[in-house]
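This report walks through one protein chain, element by element. Keep the sequence and the 3D view open while reading.

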Amino acid sequence: MSDTPDGVAVRPYDPADAEAFWELKRGFELGIGEGTGGDDKRSKYEAKLTDDYRTRYLTWVERCSTDDPGCVVVAEATTDGETDELVGYAFVLPEEMTFIWDAAVLNEIFLAPAYRGTGVADELMQAVLDHARSQDLPLDRMVLDVDEANDRARAFYDRYGFDHWGELVARDL
């Protein structure tokens, strides 16, 4: 693990973060197809980013973070000595949802490209692992969905000891 750069702090999500958080969420969604599925995959994820989706998603994030404080964390950077900006986030599903997979579920982790490789992702991961350990889990494990073609993400999760467990399959409705 690397050291977190000076001026970057990981803290729980606050509803006042909503606008900046949404911009990071857009980066997450638009990055899903980047290098792992071509234009078709990217366009599908881009198409869902409507105003209605934004409203529903941010309402859900606020509800989750209110019901289970610490399940959503953000990385905040002081960029010019005065201005704070969100540069990443991680989201483990709230404890009430642990029965979905009988485990903690890492729903999303995202870091702005300029902060990748700086140790900030490690801080975000540590925060959600610590939070997951505080949850009353049916089984003491964390699961996540990662695209098999996303080599960077897979290498990151490998460093944290994530192993292949089952296979997620999907179909259109």
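## A crossover and its strands

Start with Val105, which stands opposite Val143 in strand S5. Strands and helices here are DSSP runs (E, at least two residues, for strands; H or I, at least four, for helices), numbered from the N terminus. Between S4 and S5 (residues 142-143) there are 2 bridges, and these strands run parallel. From S4 the chain crosses through helix H4 (residues 120-134) to S5, a β-α-β crossover that is right-handed. Right-handed means that, with the strands pointing away from the viewer, the path from the first strand over the helix to the second runs clockwise.

This is a predicted model: local features need pLDDT of at least 70, side-chain atom pairs count only at pLDDT 80 or more, and totals for chains, interfaces and linings use all residues. Residues are numbered from 1 along each chain as its sequence is written, and side-chain values use heavy atoms, with hydrogens and water left out.

## The sheet

The sheet is open and has 5 strands, in the order S1-S2-S3-S4-S5, with mixed pairing. Two strands pair if DSSP finds at least two bridges between them. S1 (8-12) and S5 are the edge strands, each pairing on one side only.

S3 (residues 84-92) is joined to S4 by 5 bridges, and the two run antiparallel. Gly88 faces Leu111 of S4 across this pairing. Phe91 stands opposite Glu108 in S4. Strand S4 (residues 104-111) is largely enclosed by the rest of the structure, because 7 of its 8 residues are buried. Buried means under 20% relative accessible area, exposed over 50%, and partly exposed in between (1.4 Å probe, protein chains only).

## Helix H3

Helix H3 (residues 51-67) has 17 residues, which should span 24 Å at 1.5 Å a residue; its end C-alpha atoms are 24 Å apart, which agrees. The expected span is 1.5 Å times one less than the number of residues.

Tyr53, Tyr57, Leu58, Val61, Cys64 and Ser65 are the buried residues of H3. They fall within an arc of 125° seen down the axis, so they line one face of the helix. The arc is taken from the directions from the helix axis to the C-beta atoms. Asp51, Arg56 and Thr66 are exposed on the other side. The buried residues pack against helix H1 (18-32), strand S2 (72-78), S3 and S4.

## The nonpolar core

The largest nonpolar core has 52 residues, and Phe21, Tyr57 and Met125 touch the most other members. Such a core is a set of buried Ala, Val, Leu, Ile, Met, Phe, Trp, Tyr and Cys residues joined through side-chain atoms within 4.5 Å. H4 gives the largest share, 7 residues.

Not counting residues up to four places away in sequence, Tyr57 touches Phe21, Trp22, Lys25, Tyr89, Phe91 and Glu108. Contact means heavy atoms within 4.5 Å.

Ala77 lies in strand S2. Its relative accessibility is 1%, so Ala77 counts as buried. Ala77 and Val87 are 10 residues apart in sequence and 6.6 Å apart in space, C-alpha to C-alpha.

Ala121 belongs to helix H4. With a relative accessible area of 21%, Ala121 is partly exposed. Ala121 touches Ile109, Leu111 and Phe156, not counting residues up to four places away in sequence.
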